[in-house]
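The exercises below are meant for a reader who is meeting this structure for the first time. Each one sets a task and then works through a solution step by step.

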Amino acid sequence: MNAATIERLGAVIAGIVVAVVAFYALYKDWRAEGTENQVFKLMLLLLGLGAVLALLAGLNVVGFAPPKGA
Amino acid sequence: MSVASLARGAHGELDQLYIETRELRLQGFLLFLVSDCVLFSSFIFAYLYLRNSGQGWPPPGIQRLDVAFAAWNSVVLFGSGATMHYALENFKHGKWMAYMWFLLATIVLGAGFLGGQAYEYNHLIYAEHVTWWGSGIFGASFFTLTGMHGMHVFFGVCYLTVLVLQSSAGVYTRGKYFGITAGTLYWHFVDVIWVVLFSIFYLL
């Protein structure tokens, strides 16, 4: 197993964990009111989306992957 | 429980000034984040404009950035956003030890991200010969934007370290913790900016 595979595997596993945690925190805070909570909700949503992007990149669904043998 | 009933100093005195100015502090801090967002936006749009005005991207002679390490490093930073959120939540609920552990985890993950960025810079400069000063628009925009973001992460780590010291000294109470709220907002902001930078540099 080479370094890139380990990095991708780490990105996938940690991406799932972070996305679940972020979306769960968003779900828990969904009814919270006040300016700061609205900002927190927006940022948690974007954080969760970022984790999903990193997860998809780890799975080679998005982003650049070097051709085999390169 | 109202803010007024909780906003007491270390010796139990009512902090009237804090109660009256908390909302103003929050608005001022959000305004700061908006101004920072404008700063990043201007650089990001300049990069996208330059990228789309050339003949193909990346320019000839420069390889595309490999996404594997960047994805891993990104998840480290996003994970720190989650730990910071739970640090604040635990503080709000009076769970002091959990708050400190999550705050320390955030600092470690933030420092880990900076270490990862330093490793990537080292690899780009010495292995692929991509530099800020000698690789045209690609090198200039990549190092400027990611460097500016890295500087924000560095200052964030410093700020969180100050929060640890202040918290240990009893500066914050359950009703008077705007510094922790500001730290959490700032850290989330840094995370969100990286979502954009990760997308435009590694995924597009």
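**Exercise 1. The two chains one by one**

What percentage of the 204 residues of chain B count as buried? Describe the make-up of chain B and then that of chain A.

Solution. The model is a predicted one, and every value used here is computed from it.

Step 1. Of the 204 residues in chain B, 33% count as buried.

Step 2. Taken along the principal axes, the C-alpha atoms of chain B fill a box of roughly 65 × 30 × 25 Å. When the contacts in chain B with a separation of 6 or more are considered, 74% of them are accounted for by residues 24 or more positions apart.

Step 3. Chain A, for its part, has 2 helices and 0 strands, and 37% of its 70 residues are buried. Its C-alpha atoms fill a box of roughly 55 × 20 × 15 Å along the principal axes.

Step 4. The radius of gyration of chain A is 16 Å, whereas a compact globule of 70 residues would have one near 11 Å. Among the contacts in chain A between residues at least 6 apart in sequence, those that join residues at least 24 apart make up 66%.

**Exercise 2. Where the chains meet**

Solution. 

Step 1. On the side of chain B, 26 residues are in contact with 29 residues of chain A.

Step 2. The elements of chain B that give two or more residues to this side are helix 2 (16-53), helix 3 (67-92) and helix 6 (178-203).

Step 3. Helix 3 of chain B provides the largest share, 12 residues.

Step 4. Sorted by class, the side of chain B that touches chain A has 16 nonpolar, 7 polar and 3 charged residues.

**Exercise 3. Two helix pairs in chain B**

Determine how helix 4 of chain B is oriented, parallel or antiparallel, towards helix 3 of chain B and towards helix 5 of chain B.

Solution. Two packed helices are described by the angle between their axes and the distance between the axes.

Step 1. Helix 3 of chain B packs against helix 4 (residues 96-127) of chain B at an angle of about 160 degrees, and their axes are 8 Å apart. Angles over 145 degrees count as roughly antiparallel, and therefore helix 3 and helix 4 of chain B are roughly antiparallel to each other.

Step 2. Helix 3 of chain B passes helix 4 of chain B in a left-handed crossing, and the residues of this contact divide into 14 nonpolar, 10 polar and 1 charged.

Step 3. For helix 4 and helix 5 of chain B the angle is about 155 degrees, with the axes 10 Å apart, which makes these two helices roughly antiparallel as well.

Step 4. Helix 4 of chain B passes helix 5 of chain B in a left-handed crossing. Among the residues that make the contact are B:Leu103, B:Ile107 and B:Phe113 of helix 4 of chain B, together with B:Val153, B:Phe154 and B:Leu160 of helix 5 of chain B. By class, the contact of helix 4 with helix 5 of chain B has 13 nonpolar, 8 polar and no charged residues.

Methods. Residues are numbered from 1 along each chain as its sequence is written. Chains are lettered from A and ligands numbered from 1 in the order in which they are written. This is a predicted model: local features need pLDDT of at least 70, side-chain atom pairs count only at pLDDT 80 or more; totals for chains, interfaces and linings use all residues. Two residues are in contact if their C-beta atoms, placed from the backbone, lie within 7 Å. Helices (H or I, at least four residues) and strands (E, at least two) are DSSP runs, numbered from the N terminus. Ala, Val, Leu, Ile, Met, Phe, Trp, Tyr, Cys and Pro count as nonpolar, Asp, Glu, Lys and Arg as charged, and the others, Gly among them, as polar. A residue is buried if 20 or more other C-beta atoms lie within 10 Å of its own, exposed if 12 or fewer, and partly exposed in between; C-beta atoms are placed from the backbone. Axes are lines fitted to C-alpha atoms, for helices over the stretch in contact, and angles run from 0 to 180 degrees between N-to-C directions. Angles under 35 degrees count as roughly parallel, over 145 as roughly antiparallel, 65 to 115 as roughly perpendicular and the rest as oblique. A crossing is left-handed if the near helix is turned anticlockwise from the far one by less than a right angle, and right-handed if clockwise. The radius of gyration is taken over C-alpha atoms; the globule rule is 2.2 Å times the number of residues to the power 0.38.
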